[in-house]
Amino acid sequence: MVSRSYSRVILFGTFVCFFVGFLPVVSAGNFNQEFDITWGDGRGNILNNGELLTLTLDHYSGSGFQSKNEYLFGKIDMQLRLVPGNSAGTVTAYYMRSQGATWDEIDFEFLGNLSGEPYTVHTNVFSQGKGDREQQFHLWFDPTKDFHTYSVLWNPQRIIFSVDGIPIREFKNLERIGIAFPKNQAMRIYSSLWNADEWATRGGLIKTDWSQAPFTASYRNFKADACVFSSGKSSCSSKSAATSAWHTQQLDLTSQRKLNWVRKNYMIYNYCTDTKRFPQGFPKECAVH
């Protein structure tokens, strides 16, 4: 959620990009090879020979990381175990973002809670610097007890957010009606754990209990079946990308039913139904999505 991005304190360091022929690159597993810890003064750590990454927040600072590579379309999977116990006031942000004043961005943000209350999953899509497309959900499981897979499928036709293979949101390419769609700017993957108790839990009514610190989120089993963008070139030709399953993937009937189940039972906010926010009428994409 870029409106809070000033709190992420993203520092850009040295990175290494690779270019492999003209095929989608499948990257898996090793955090040492795929990511850099970018801030936190030792609060972010890569462990177990690169198989596990942890971010920690205490009352001095949070922490964050970014991918070494930039991507232009693909399917990105990451397993996360969120901050357990009383995590009120904390935010674990996991997102993709391009650079510049008219950036593109695809957001998962996990808003902390009091013990026993459900996490809120906040999603947003920015295209050419315009966002304000928030949808929020509760999860149907406890995301702190074990690792769960959070996925972004991004192709020229749509963006699909999924949790453990169950789609929770689809954002379609609606350029035909004048809605900008992220398709020309490569994005890097970021994640951060930070304090946002002025707004994160019940609109800021519940503050961070620092007696519970340090707070820790854990990551494993990263996988990117995607086009790596380096030196102005993509690792995918149009022909090779077209042969990748994700390049034309869409929701089949079963997946659409799962999406509807999530929307009916677990969606708690949809900008397309917020009449107070849009008294002059909803954004044009709301009539189609």
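Before looking anything up, I wrote down that a residue is called buried when its relative accessible area is under 20%. I also noted that I am working with a predicted model.

**Entry 1: the disulfides**

I searched the whole structure for disulfides and found 2. I began with the pair made by cysteine 272 and cysteine 286, whose sulfur atoms are 1.9 Å apart. With the cut-off in mind, I checked both partners and found that cysteine 272 is buried and that cysteine 286 is buried as well. I then looked at the torsion about the S-S bond of cysteine 272 and cysteine 286, which is about -80 degrees, so I recorded this disulfide as left-handed. Cysteine 272 and cysteine 286 each lie in the segment after β16 (267-270), so the pair ties together parts that are 14 residues apart in sequence.

The other link I looked up joins cysteine 227 to cysteine 236, with an S to S distance of 2.0 Å. Here too I noted a left-handed link, with -105 degrees about the S-S bond, and both cysteine 227 and cysteine 236 are buried. When I numbered the bonded cysteines of the protein chain in sequence order, the pairing came out as 1-2, 3-4.

**Entry 2: strand β13**

Why is strand β13 largely enclosed by the rest of the structure? I found that 8 of the 9 residues of this strand, which covers residues 187-195, are buried, so the strand is largely enclosed.

I next looked up the pairing partners of β13. Strand β6 (residues 90-97) runs antiparallel to β13, and 8 bridges make up the pairing; in β13, asparagine 195 is the residue that stands opposite threonine 90. Strand β5 (residues 63-81) is also antiparallel to β13 and is joined to it by 6 bridges, and here I noted that glycine 64 has serine 192 of β13 as its bridge partner.

**Entry 3: asparagine 124**

I then turned to asparagine 124, which I located in strand β8 (residues 120-126).

Leaving aside residues up to four places away in sequence, I listed what asparagine 124 touches, and among the contacts are Glu105, Ile106, Asp107, Phe161 and Arg169. Arg133 is one of the contacts too, and I found the backbone nitrogen of arginine 133 at 2.9 Å from a polar atom of the asparagine 124 side chain. Finally, I looked up tyrosine 271, which is 147 residues from asparagine 124 along the chain, and noted that the C-alpha atoms of these two residues are separated by 9.9 Å.

Terms used: Residues numbered from 1 in each chain as written. Predicted model: local features only at pLDDT ≥ 70, side-chain atom pairs only at ≥ 80, totals over all residues. Heavy atoms only, no water. Buried < 20%, exposed > 50% of the residue type's maximum accessible area, 1.4 Å probe, protein only. Helix = DSSP H or I, 4+ residues; strand = E, 2+ residues; numbered from the N terminus. Pairing = 2+ DSSP bridges. Disulfide = S-S within 2.5 Å. Contact = heavy atoms within 4.5 Å. Polar contact = N/O pair within 3.5 Å; in protein donor to acceptor, adjacent residues only side chain to side chain.
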